[in-house]
Amino acid sequence: MPDEQTLWRSMCQGDKAAFRQLHQAHVHHLLNYGLRLHGSLSVVEDCLQDLFVELWHYRARLSQPTSVRFYLLKGLRNKIKAQYKREQLWQASLEDDAEEWFSQYSFSLEPSAEQRLVELDLDAERREQVRQALEALTPRQREILYLRYFNDLSYEQICEVMSINYQAARSQVYQALRVLRTVLKNQYLLALLVSNFFL
């Protein structure tokens, strides 16, 4: 199978098979990410469909991204953020701006976090400690760790996806790991958590 960069170039030249392969390679992962940002499956599916429709429609004008995954994650996040803004317009009582409202999302590691806890075969007490550690993180910290360790995005790419500066991204990762260390107080569980959830 051709690598993603080759598929991307082929798609930009109108190769429908390459477009389908890119879609198949990323759709599940993007859906998973989108559901962490917005709880509605139908909204996330609509945003995903819009993203891929636009990708195909504007294919001739697209430049070659350094990372296809990064490009798609950023595009989906922007679509969901725009959706939040539209929803806000429907809720006249909300006076916050879209960015502030969007920042209140509840980025979750569920249900994969629960599945992984079960797979780790930890006793109930340790499962609860790991669950509490994950819940102690802010949504933004969970999202940054997810992008950094599940998606191998660089700090520069995280900054672009989340519209934050480099120092804020580094600081959020540092603070998230510090929270995990503080809550867990158990080096074995911390190592287990990091290796199974974020590496």
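Which residues of α9 are buried? In this predicted model, the buried residues of α9 are Y155, Q157, I158, C159, V161 and M162. Six of the eight residues of α9 are thus buried, and the helix is mostly covered. E160, which also belongs to α9 (residues 155–162), is partly exposed, with a relative accessible area of 42%.

Y155 also takes part in a contact between a charge and a ring. The charged end of R148 sits over the ring of Y155, 4.4 Å from its centre.

The loops on either side of α9 were examined next. D152 is found in the loop between α8 and α9. Its phi is positive, at about 55 degrees, although D152 is not a glycine. Most residues other than glycine have a negative phi. D152 is exposed, because its relative accessible area of 63% is over the 50% cut-off. S163 is not a glycine either. It is found in the loop between α9 and α10 (166–184). S163 is exposed too, with a relative accessible area of 52%.

Salt bridges come next. The structure holds three of them. One joins the side chains of E160 and K74, at 2.8 Å from N to O. This pair links distant parts of the chain: E160 is in helix α9, K74 is in helix α4, and 86 residues separate them. K74 is partly exposed, with a relative accessible area of 25%.

A salt bridge also forms between K79 and E54, whose side chains meet at 2.6 Å, N to O. K79 lies in helix α4 and E54 in helix α3, 25 residues apart, so distant parts of the chain are linked here as well. K79 counts as buried, because its relative accessible area of 18% is under the 20% cut-off. E54 is partly exposed, at 37%.

R77 forms a salt bridge with E143. The closest N and O atoms are 2.8 Å apart.

A pair of aromatic rings is described by the distance of the centres and the angle of the planes. The count comes to five aromatic pairs. In one of them, the ring centres of W8 and Y71 are 5.0 Å apart. Their planes stand at 70 degrees, so the pair is edge-to-face. W8 lies in helix α1 (residues 4–12) and Y71 in helix α4 (residues 68–90). The pair therefore ties together parts that are 63 residues apart in sequence. W8 is buried, with a relative accessible area of 0%. Y71 is partly exposed, at 29%.

F19 and W56 form an aromatic pair that is tilted. Their centres are 5.1 Å apart, and there are 50 degrees between the planes. F19 lies in helix α2 and W56 in helix α3 (residues 41–57), so the pair ties together parts that are 37 residues apart in sequence. F19 counts as buried, at 16% relative accessibility. Ring pairs link F19, F52 and W56 into a cluster. W56 has a charged neighbour as well. R59 lies over the face of W56, at 4.0 Å from the ring centre.

At 2% relative accessibility, H26 counts as buried. Which residues is H26 in contact with, leaving aside its neighbours within four places in sequence? The contacts are E4, V68, R69 and L72.

Terms used
Residues numbered from 1 in each chain as written. Predicted model: local features only at pLDDT ≥ 70, side-chain atom pairs only at ≥ 80, totals over all residues. Heavy atoms only, no water. Buried < 20%, exposed > 50% of the residue type's maximum accessible area, 1.4 Å probe, protein only. Contact = heavy atoms within 4.5 Å. Phe/Tyr/Trp six-rings, centres within 6.5 Å; stacked < 30°, edge-to-face > 60°. Helix = DSSP H or I, 4+ residues; strand = E, 2+ residues; numbered from the N terminus. Lys NZ or Arg CZ within 6 Å of the ring centre and 35° of its normal. Salt bridge = Lys/Arg side-chain N within 4 Å of Asp/Glu carboxyl O.
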